[in-house]
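This briefing goes through a protein model with the sequence and the 3D structure at hand. Please keep both in view while reading the points below.

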Amino acid sequence: MTANGKTSEMVDPEIAVELSGVDKWFSILQVLHGVNLTVRCGEKVVVCGPSGSGKSTMIRCINYLEKHQKGRIIVNGTELTDNKKVIDRVRQDVGMVFQNFNLYPHLTVLENCTLAPRWVKGVARKDAEAVARAYLERVRIPDKADFYPSQLSGGQQQRAAIARSLCMNPKIMLFDEPTSALDPELVREVLDTMAQLANDGMTMVCVTHEMGFARQVADRVVFMDAGRIVETAPPGEFFSNPKESRTKAFLSQILH
Amino acid sequence: MDFAYILEALPDLMTGLKMTLIVSFLAIFLSCLIGLLGAVLRTSGIKPLQYAVTAYVEFIRGTPYLVQIFFIFYGLPSLGLRFSIFWSGVIALTAWASAFQIENFRAGLAAVGRGMHDASASLGLKRWQHSVFIVLPLATRAALPSAMNTIVATVKNSAYLQAIGLVELTFVAVDRIAYDFRAIEMFASICVIYLICVFTISGLGYMVERRLSRPFGGR
């Protein structure tokens, strides 16, 4: 779990994401305190914790949407630094799905999916569209390709957003509370899509309160509180036999 | 009302209209460009530029338009900046409209949420790609209703330029009234002409608005 100051040349190719001693402040407010986390390739990690515990901030640090001030973050063997080129390259390998979908409202679902492959990777339009249609098929909205985001339900929008990320062929997928903005009856379809993705071997870091999903899909559950990782355990152990009192308190509040 | 007189005056009025349209379109075009640029500068986070743009907007908003026109036409020559009537008119109208367009586009930029930036960043889009493909169309769409308002006002405010002797629509009407005292005929006529211009522009605006709510097409 803990990092031991490896240099990037010595990075284990089996390790997808490594955070070591990461501190982050929003001006004077420290939101991450010495966070250590290693995610192996193909591993599915679910991050949970109370609101304000720093889970979203941590996951946003992994693709540098937030800058950390101390410690190291290594993604696919590349350490995140202020170098734009490095960040752009890392981001191409890391897909991200947001709570509010963040689809481009003025583009169709297909255009949402092809914009980045065409302009970032230089894929020809026809090829990008073929790939996009394949992924839309996979998230089960092939018939929505030519619709605008506003014409879709929340669940469909989130699945379109997942397809958009997958079109960049990422090695790692980050999910930042992907079902929190959805009506309850639409949560299932998004979780199913994510579970399917997990089955296909995608490396996933997922912030969510869906404990059923954590049980079903996660290799490990990480519990955060007040900017620290409090406890990490496989889901069976995490839910049946949590060690820390804060974990127990949290679980007693969300499991009924 | 003497329609025969209006018909007789029509060629003169058309000459005036032509000038109104030329000055207005120049000012509209320039003020939209300056408005977009100013809005970008005002939200750039570069403090001196932000203050400069804010000061400009406040100055234009805080002083009478007619005074600005006189300042440019009668005031600037004593500072060694002498422009023709035509260019004084274009500059005055552009200066006035730009201040409002800056604010319109600033509101448009503010309407593009942080989420769009997150999405583009996580997809690896470059800053310019995000600006051109995402921010520009979304900000324009959000700014359009108020920008159209300013565009319409720009056309109407070209009438003030008769005060420095620019031979535009209102000047022609006032000029003819001085000779023939046909005030009702002339003012009614130019009201109708202004209305036709404004309706045409508004119509175009609605068309663009509808177009922008569709995809970023044609690529």
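Both faces of strand 6 (residues 94-97) of chain A are covered. A:Val94 and A:Met96 lie on one side, A:Gly95 and A:Val97 lie on the other, and all of them are buried. The model is a predicted one.

**The sheet that holds strand 6**

- Strand 6 of chain A pairs with strand 7 (residues 172-176) of chain A in the parallel sense, over 4 bridges.
- Within strand 7 of chain A, A:Ile172 is the residue that stands opposite A:Val94.
- Strand 7 of chain A also pairs with strand 8 (residues 203-207) of chain A, again in the parallel sense, and this pairing has 5 bridges.
- A:Leu174 has A:Val205, in strand 8 of chain A, as its bridge partner.

**Helices lying across this sheet**

**The antiparallel sheet of chain A**

- An open sheet of 4 strands in chain A has the order 2-1-4-5, and its pairing is antiparallel.
- Strand 2 (29-40) and strand 5 (78-79) of chain A are the edge strands, each pairing on one side only.
- Strand 1 (residues 15-26) and strand 2 of chain A run antiparallel and are joined by 8 bridges.
- A:Lys24 has A:Leu32, in strand 2 of chain A, standing opposite.

**Loop residues in chain A**

- A:Thr179 sits in the loop between strand 7 and helix 6 (184-199) of chain A.
- A:Thr179 counts as buried because its relative accessibility is 5%, and buried means under 20%.
- Leaving aside neighbours within four places in sequence, A:Thr179 is in contact with A:Val187, A:Val190, A:Leu191, A:Thr208 and A:Glu210.
- A:Asn102 is in the loop between strand 6 and helix 3 of chain A, and has a phi near 55°, a positive value in a residue other than glycine.
- Is A:Asn102 buried or exposed? At 10% relative accessibility, A:Asn102 counts as buried.
- A:Ala226 is in the loop between strand 9 and strand 10 of chain A, with a positive phi near 50° in a residue other than glycine.
- A:Ala226 has 42% relative accessibility, so this residue counts as partly exposed.

**Chain B**

- Chain B has 8 helices and 0 strands.
- Of its 219 residues, 45% count as buried.
- The C-alpha trace of chain B spans about 70 × 45 × 25 Å along its principal axes.
- Taking contacts in chain B between residues at least 6 apart in sequence, 80% join residues at least 24 apart.

**Where the chains meet**

- The axes of helix 3 (residues 109-120) of chain A and helix 6 of chain B come within 12 Å and cross at roughly 145°.
- The crossing of these two helices is right-handed.
- Which residues make the contact? Helix 3 of chain A provides A:Leu115, A:Trp119 and A:Val120, while helix 6 of chain B provides B:Trp128, B:Gln129, B:Phe133 and B:Ile134.
- By type, the residues of this contact are 6 nonpolar, 1 polar and no charged.
- A:Tyr104, not counting residues up to four places away in sequence, touches residues of both chains, including A:Asn112, A:Leu115, B:Met116, B:Leu123 and B:Ile134.

**Nonpolar cores**

- The largest nonpolar core has 52 residues.
- Those with the most contacts inside this core are A:Leu19, A:Val47, A:Met58, A:Val75, A:Tyr104, A:Leu174 and B:Ile134.
- Helix 6 (residues 127-157) of chain B gives the largest share of this core, 6 residues.
- Another core, of 48 residues, lies apart from this one, and includes A:Val109, A:Leu166, A:Val190 and A:Met211.

Conventions
Residues are numbered from 1 along each chain as its sequence is written. Chains are lettered from A and ligands numbered from 1 in the order in which they are written. This is a predicted model: local features need pLDDT of at least 70, side-chain atom pairs count only at pLDDT 80 or more; totals for chains, interfaces and linings use all residues. Side-chain values use heavy atoms; hydrogens and water are left out. A nonpolar core is a set of buried Ala, Val, Leu, Ile, Met, Phe, Trp, Tyr and Cys residues joined through side-chain atoms within 4.5 Å. Buried means under 20% relative accessible area, exposed over 50%, partly exposed in between (1.4 Å probe, protein chains only). Contact means heavy atoms within 4.5 Å. Axes are lines fitted to C-alpha atoms, for helices over the stretch in contact, and angles run from 0 to 180 degrees between N-to-C directions. A crossing is left-handed if the near helix is turned anticlockwise from the far one by less than a right angle, and right-handed if clockwise. Ala, Val, Leu, Ile, Met, Phe, Trp, Tyr, Cys and Pro count as nonpolar, Asp, Glu, Lys and Arg as charged, and the others, Gly among them, as polar. Two strands pair if DSSP finds at least two bridges between them.
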